[in-house]
2 protein chains.
Amino acid sequence: MIQPDATHFSRESTSELSVALNKPESFKLMYWPINAVGAISREILAYGQAKWENLAPGNWQEEKLKTPFQVVPILYIKSQNGQDLVLSESSVIEQYLAKTFGLLGDNDYEEYLIKAFHSSSAAIQSHFAQGVTWEGIEVAKAKHFEFFKSHTLKIWVETHEKHLSDNGNNGHYVGNKLSLADIRTACAIEHFALLPEAPELMEIINKSEALLKVRETVAKDPKIAAWRDSELYKKLSHGSVAFFANPFAFIKAPSN
Amino acid sequence: MIQPDATHFSRESTSELSVALNKPESFKLMYWPINAVGAISREILAYGQAKWENLAPGNWQEEKLKTPFQVVPILYIKSQNGQDLVLSESSVIEQYLAKTFGLLGDNDYEEYLIKAFHSSSAAIQSHFAQGVTWEGIEVAKAKHFEFFKSHTLKIWVETHEKHLSDNGNNGHYVGNKLSLADIRTACAIEHFALLPEAPELMEIINKSEALLKVRETVAKDPKIAAWRDSELYKKLSHGSVAFFANPFAFIKAPSN
């Protein structure tokens, strides 16, 4: 892969860069060749029928030095006037793409609600990743998994059911249309469904009709359905299954 | 404490609620009686010279059922036209308060940059909380702490030094004025400085002149300095020291 150099954020004339940011021409999303946290941005790009390219790190030990925070995902943006911009941090990238493609509701209040659900569903996935997936000590992993099921996931399901019910259990968190919140929650569920721990996780999630309705509603969106039917998406999903079967085998990181 | 009922988000007329949200009259922030994640919102409220009240849970087992996600912080807002609103999720609350009090830069691009630094510094604090503070198994806690120091914190320091240098090491992340990014990073450092693990953490952080300059610049802001000099802030800081000396003693949660 030819990786754009994004060691530094552009700093020249931020007002011009703002104009460029709001008039994107095409995108490149760099993330590992799996779904996980990359899935949300990819689905938004697919939903927005954006011109975009999927990138994956090659030699990460070298390439990470050309990124803002040594983490992926990273979004490279080419603006209509030819400027190159980069965004980092998944929540920031997802909020930017959601704003660009009309997935943050109809007004400021809806936007804050959507961001709250988005944050809560990102947190559930991140808690599992840190506490279970990347826990290298078996006794701790087992204990965290039990706590996750009996406490963290339970509260997530209960509170999200309440808010989905408040919106009439129509498959959306806010109003009657697709938003970043719906996509974030659906991606969390699709993520859990591909993990080795899926049987136990999905047994809990599958009891929630409200959450299943969100999962189903996102899956039925024609543009997202087309993306999920693509060869690339299938390859990334297979990648997820293989990766999470033994994540430590794929990354030369300490087993934390 | 008389806790406002925020079981449900208001859903009636989101366009009216947007108007209300953008014209706040006063605030109540509910969080544990410590600094930790509550510190950021409190400093923004102090910086904005807002009319606000600090709340702490009383009987949390009951009160949590009157919150959106059974987590704190929660921000209760009274609008100028008398409407009650609630926001949940720390990142959402902090972004809202930062927007309200002019701490998100001068344009959209600066706002995304500031949010990226904000996200990265929230993540460093959250990684430590989940992996070390709330790790009940000693062998795992020790291993996570070593990994945190040698890897997670190291990368955070290196990458933030780079971005601070790009901005001229003037104590700010973006431009020449205080932003949410500066406050978020300063609060992370103040948080680490009060933990039992402070000697080892601060030995690493104190080597970074760029980060210390941010810490110092935030501390010198006259309104933030006045807040940190208040009896309430001192009480919350003492609360932090007592709490983190043995967090499991204070919360009836499984030792995850």
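Helix α5 (residues 108-133) of chain A packs against helix α5 (residues 108-133) of chain B at an angle of about 45 degrees, and their axes lie 12 Å apart. This is a predicted model, in which local features need pLDDT of at least 70 and side-chain atom pairs count only at pLDDT 80 or more, while totals for chains, interfaces and linings use all residues. Residues are numbered from 1 along each chain as its sequence is written, chains are lettered from A and ligands numbered from 1 in the order in which they are written, and side-chain values use heavy atoms, leaving out hydrogens and water.

Let's stay with that helix pair. Helices (H or I, at least four residues) and strands (E, at least two) are DSSP runs, numbered from the N terminus. Axes are lines fitted to C-alpha atoms, for helices over the stretch in contact, with angles running from 0 to 180 degrees between N-to-C directions. Angles under 35 degrees count as roughly parallel, over 145 as roughly antiparallel, 65 to 115 as roughly perpendicular and the rest as oblique. The two α5 helices are therefore oblique to each other. Their crossing is right-handed, meaning that the near helix is turned clockwise from the far one by less than a right angle.

Now to the charges. Side chains of opposite charge can pair when their charged atoms come close. A salt bridge here is a side-chain nitrogen of Lys or Arg within 4 Å of a carboxyl oxygen of Asp or Glu, and the whole structure has 28 of them over all chains. In one, A:K51 meets A:E25 at 3.6 Å, N to O. That pair links distant parts of the chain, 26 residues apart: A:K51 sits in the loop between α2 and β2 (52-55), and A:E25 in strand β1. Buried means under 20% relative accessible area, exposed over 50%, and partly exposed in between (1.4 Å probe, protein chains only). A:K51 is exposed at 54%, whereas A:E25 is partly exposed at 38%.

Another salt bridge joins A:R215 and A:E190 at 2.9 Å, N to O. Here helix α9 (residues 209-220) of chain A supplies A:R215 and helix α7 (residues 180-193) supplies A:E190, 25 residues apart. A:R215 is partly exposed at 22%, while A:E190 is buried at 17%. In chain B, B:E216 and B:K220 form a salt bridge of 3.6 Å, N to O. These two are four residues apart in helix α9 (residues 209-220) of chain B, so about one helical turn separates them.

A:E63, in helix α3 (residues 60-63) of chain A, is buried yet has no salt bridge, and the nearest side chain of opposite charge, A:K66, is 7.7 Å away. A polar atom of the A:E63 side chain does lie 2.8 Å from the backbone nitrogen of A:G58.

Finally, look at the backbone. The peptide bond from A:V72 to A:P73 is cis, with omega near 5 degrees, and B:V72 and B:P73 are also joined by a cis bond, with omega about 5 degrees. A:A36 has a positive phi, near 40 degrees, although it is not glycine; this residue is in the loop between β1 (24-30) and α2 (38-47) of chain A.

Conventions
Lys, Arg positive; Asp, Glu negative; His and termini not counted. Polar contact = N/O pair within 3.5 Å; in protein donor to acceptor, adjacent residues only side chain to side chain.
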